[in-house]
Amino acid sequence: MMSLLGTLVNAAAIAAGSFIGLFWRNISEKMKTTILQGLSITVIVLGIDMALETKQIIIIVASIAFGGMLGEKWDIEGKMNHFGIWLETKTGAKEGGVSAAFVTATLVYVVGAVGIVGALDSGLRGDHTILFTKSLIDGLMAVFLTSTLGIGIIFSAIPVFLFQGAITLSAAQIDRFVPPELMDQLIVEITGVGGVMIIAIGIRLLGILNIRVANLLPGLIFTVGIVIMMHYWEPLIRFVFQ
């Protein structure tokens, strides 16, 4: 259980921030709009910073393209929306509010390398520093997101716990099979691809374009596969053509 401490704190911070946001609802619509727009722009800036981490832009292109194809086939966003609608029936919230907030917050909190790296640190070294820092950021964001988007934000703590917890518990196996150099490459490219998705989330929050970001999530799987393939095939290709 100690290895899951960082993940537990992260999920609890999101829930606590959401509770605070629920009681901070007596703000004007103009202020809500301004806060949401400010957060959206911040998310886009964060996404750009992450996307620029990539060393191989072709990895981002291929991951987003193939991931989008698979995500549309699986209809990930549709399934997340259905779960959000089910939550609406249980909470008695207004139609569409919980679903939209849940999907948006889940994508904001799950997409990105910080949670992955933090979960690995928790599992491998028992160091929760990264996840504690992420908890502070996520908790503060939950306050403002809940005050503007509603109670659906609180339910995003569930996928955050499941996602980061799974990585933490499997960290020992990951460390056994993945060499440090390859792990560094994976983190860099996952950050890059995740950054593109974060940008899309910001654009969606601003209401410019309703991008089905959840359907891009399989791109992270393709990123892992492409990086592993390039890591092991590049020496072979160089040997053949020397």
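**Confidence, then packing**

pLDDT is the predictor's confidence in each residue, from 0 to 100. Helices here are DSSP runs of H or I with at least four residues, numbered from the N terminus. For the protein chain the mean pLDDT is 86, and 92% of its residues reach 70 or more.

Some conventions. This is a predicted model, in which local features need pLDDT of at least 70 and side-chain atom pairs count only at pLDDT 80 or more, while totals for chains, interfaces and linings use all residues. Residues are numbered from 1 along each chain as its sequence is written, and side-chain values use heavy atoms, with hydrogens and water left out.

Now the packing. Helix H2 (residues 29-51) and helix H10 (residues 180-205) pack at about 160°, with their axes 7 Å apart. Axes are lines fitted to C-alpha atoms, for helices over the stretch in contact, and angles run from 0 to 180 degrees between N-to-C directions. H2 and H10 are therefore roughly antiparallel (over 145 degrees; under 35 is roughly parallel, 65 to 115 roughly perpendicular, the rest oblique). H2 passes H10 in a left-handed crossing, meaning that the near helix is turned anticlockwise from the far one by less than a right angle. Contact, meaning heavy atoms within 4.5 Å, involves Leu36, Val43 and Gly47 among others in H2, and residues including Gly195, Ile199 and Gly202 in H10. By class, that contact has 13 nonpolar, seven polar and no charged residues. Ala, Val, Leu, Ile, Met, Phe, Trp, Tyr, Cys and Pro count as nonpolar, Asp, Glu, Lys and Arg as charged, and the others, Gly among them, as polar.

H2 also packs with helix H7 (residues 129-149), at about 135° and with axes 9 Å apart. This pair is therefore oblique. Lys32, Ile35, Leu36 and Leu39 of H2 make the contact with Phe144, Leu145, Ser147, Thr148 and Leu149 of H7. Those residues divide into six nonpolar, two polar and one charged.

Last, the rings. How many aromatic pairs does a search of the whole structure find? Three. In one of them, Phe83 and Trp86 are stacked, at 5.8 Å centre to centre and 20° between the planes. Rings of Phe, Tyr and Trp (its six-membered ring) pair if their centres lie within 6.5 Å; planes under 30 degrees apart count as stacked, over 60 as edge-to-face and the rest as tilted. Phe83 and Trp86 both lie in helix H4 (residues 76-91), three residues apart, about one turn of the helix.

Conventions. Helices (H or I, at least four residues) and strands (E, at least two) are DSSP runs, numbered from the N terminus.
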